[in-house]
Amino acid sequence: MVYVLLLFEMLFLLSTACHAEEEKMKRPRARDIGINIGIFLPGEFNAITDVKGVKVGHCTLIEGEGALVPGKGPVRTGVTAILPHDGNIFKEKVPAAAFVFNGFGKSTGFHQINEVGNLETPILLTNTLNVPIVADALIEWSIEQNPEIGIQTDTVNPVVGEVNDGFLNDIQGRHVKKEHVYCALRDAKSGPVEEGAVGAGTGSSCMGWKGGIGTASRVLPKNRGGFTIGVLVLTNYDGILTVNCAPVGRELGRYAYSEDLPYPFSETQEPNGSVMVVVATDAPLDHRQLKRVAKRVSLGLARTGFYGSNGSGDFFIAFSTAAIIPHEPDQITLKNTVMTNEALSPLFLATVEATEEAVINSILKAKTIMGRDGNIKEEIDIQELIRVLNKYNAIN
């Protein structure tokens with residue numbers, strides 16, 4: 001009996017130790033370490049999925065190591081899917097708008113969004129050279145759900161965003177295929193969203209560190225409408241990292257043009273990169289108002305150190321789940337309630353705050369990745385980050 005008790009005690013201690021080590025290995029989100037950005041509160045999951053009906057799915061591809069063999073590997077890439085609702089999106093479109101801050105990118109579908117004012121497919125994110133393959137898969141997926149596309153009715157507008165993950169990934173290999181797109185779409189779910197080096201963010205970098213997928217949300221007070229704004233970012237851009245107003249990139253020596261400046265530095269950053277941002281809301285907004293919301297993403301990014309370099313593809317999409325636009329309306333007018341312009345300011349601020357926090361989450365949650373030719377993008381050192389934040393009184 002004594003031996004049994006001792007065995008149970010040993011197993012308990014081992015389990016506790018493993019759990020403690022597992023918790024130690026987890027990387028925090030911004031609010032886990034006291035980075036509380038802005039004035040509005042987040043939703044339940046502090047994610048784009050706080051907007052009811054929105055789902056996110058990832059397919060992550062990590063294969064091989066060592067020297068680059070174009071077309072074969074190593075592979076550090078993936079695809080991320082954002083679905084606005086559970087229904088047939090082609091037949092039940094949602095109001096949407098797109099805004100291009102700097103157009104050095106190869107995304108597809110944005111022009112039609114701005115022409116007709118709606119979104120009719122999920123939004124997919126991947127790497128630059130994979131856009132045609134992913135768009136083709138999204139077209140096939142849409143046709144499977146709607147066999148009349150292109151025959152009895154209009155064609156479909158696939159929406160795909162991208163970043164260049166070629167520093168870590170064999171980008172010429174175009175390794176994201178139809179089955180990976182379908183996997184991301186099939187696995188899309190509500191609730192907590194996986195962040196960091198996952199899906200389309202597997203091979204991305206951000207301001208000197210590993211970047212990737214990040215998300216955050218804000219809920220307006222009831223007297224401001226009580227609406228939710230959710231943001232998802234795919235970070236792969238250059239800049240000087242700023243966290244809650246603290247100059248982290250400068251303090252830790254990672255920023256562009258280091259050789260020309262008086263500050264000490266450890267790594268020079270190339271002034272290029274891209275960022276994709278998706279904004280969802282349940283506020284009743286039309287295309288014009290959603291475009292105004294999408295523009296505010298730029299301000300949230302700027303608060304993190306983003307400045308829009310020459311080679312940066314900065315594409316933002318905003319959509320509302322408050323109204324459904326039928327593919328074949330039974331009348332010639334649509335009567336949808338929309339907010340007044342005077343009521344939009346809190347939504348603008350919520351968008352800025354959620355964008356800023358989503359970027360920080362994308363960096364905090366990303367783990368170190370070694371890619372092709374031994375290229376490495378390191379995870380940010382949490383303790384060093386906290387030291388800088390404390391120095392500038394940036395921990396709330």
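**Cavities, contacts and pairs**

Mentor: Let us begin with a volume: the second largest cavity holds about 30 Å³ of space. The model is a predicted one.

Trainee: Which residues line the second largest cavity?

Mentor: Its lining consists of Leu241, Val243, Ile360, Ile363, Leu364, Ile380 and Leu385. Helix α7 (residues 345-364) gives the largest share of that lining, three residues.

Trainee: What makes the classes of this lining come out as they do?

Mentor: Val, Leu and Ile count as nonpolar, and the lining divides into seven nonpolar, no polar and no charged residues.

Trainee: How many cavities does a search of the whole structure find?

Mentor: The search finds two cavities of 30 Å³ or more. The largest cavity has about 50 Å³ of space. Phe110, Ile123, Leu125, Gly161, Met276, Val277, Val278, Phe315, Phe316 and Ile317 form its lining. Two or more lining residues come from each of β5 (123-127), β13 (272-281) and β14 (311-320).

Trainee: How are the residues of that lining divided by class?

Mentor: The lining of the largest cavity has nine nonpolar residues, one polar and no charged. Gly is counted as polar, and Gly161 is among the lining residues.

Trainee: What is known of the second largest pocket?

Mentor: The second largest pocket contains about 330 Å³ of space. Its lining has 18 residues, and Val193, Glu194, Glu195, Gly196 and Lys365 lie nearest the centre. By class, this lining has eight nonpolar, three polar and seven charged residues.

Trainee: Why is Lys210 called buried?

Mentor: Buried means under 20% relative accessible area. Lys210 has 0% relative accessibility, so Lys210 counts as buried. Lys210 belongs to strand β8 (residues 209-210).

Trainee: What makes the approach of Lys210 to Thr202 a polar contact?

Mentor: The limit for such a pair of N or O atoms is within 3.5 Å. The side chain of Lys210 reaches the backbone oxygen of Thr202 at 3.2 Å.

Trainee: Why is the pair of Lys55 and Asp86 called a salt bridge?

Mentor: A salt bridge requires a side-chain nitrogen of Lys or Arg within 4 Å of a carboxyl oxygen of Asp or Glu. The closest N and O atoms of Lys55 and Asp86 are 2.8 Å apart, and the two form a salt bridge. Lys55 is in strand β1 (residues 55-63) and Asp86 in the loop between β2 (75-83) and β3 (92-103), so the pair ties together parts that are 31 residues apart in sequence.

Trainee: How many salt bridges are found in the whole structure?

Mentor: The search finds 15 salt bridges.

Trainee: Why is the pair of Phe101 and Phe306 called tilted?

Mentor: Planes under 30 degrees apart count as stacked, over 60 as edge-to-face and the rest as tilted. The planes of Phe101 and Phe306 stand at 55 degrees, with 5.6 Å centre to centre, and the pair is tilted. Phe101 lies in strand β3 and Phe306 in the loop between α6 (287-302) and β14, so this pair ties together parts that are 205 residues apart in sequence. Phe101 is partly exposed at 37%, and Phe306 is buried at 6%.

Trainee: What makes the pair of Phe110 and Phe315 edge-to-face?

Mentor: The angle between the planes of Phe110 and Phe315 is 80 degrees, and the cut-off for edge-to-face is over 60. Both Phe110 and Phe315 are buried.

How values were computed: Residues numbered from 1 in each chain as written. Predicted model: local features only at pLDDT ≥ 70, side-chain atom pairs only at ≥ 80, totals over all residues. Heavy atoms only, no water. Helix = DSSP H or I, 4+ residues; strand = E, 2+ residues; numbered from the N terminus. Buried < 20%, exposed > 50% of the residue type's maximum accessible area, 1.4 Å probe, protein only. Polar contact = N/O pair within 3.5 Å; in protein donor to acceptor, adjacent residues only side chain to side chain. 1 Å grid on protein atoms, 1.4 Å probe; cavity = no way out; pocket = protein on both sides within 12 Å on 5 of 7 lines; lining within 4 Å. Points joined across faces, edges and corners; volume = space filled by probe spheres on them. Phe/Tyr/Trp six-rings, centres within 6.5 Å; stacked < 30°, edge-to-face > 60°.
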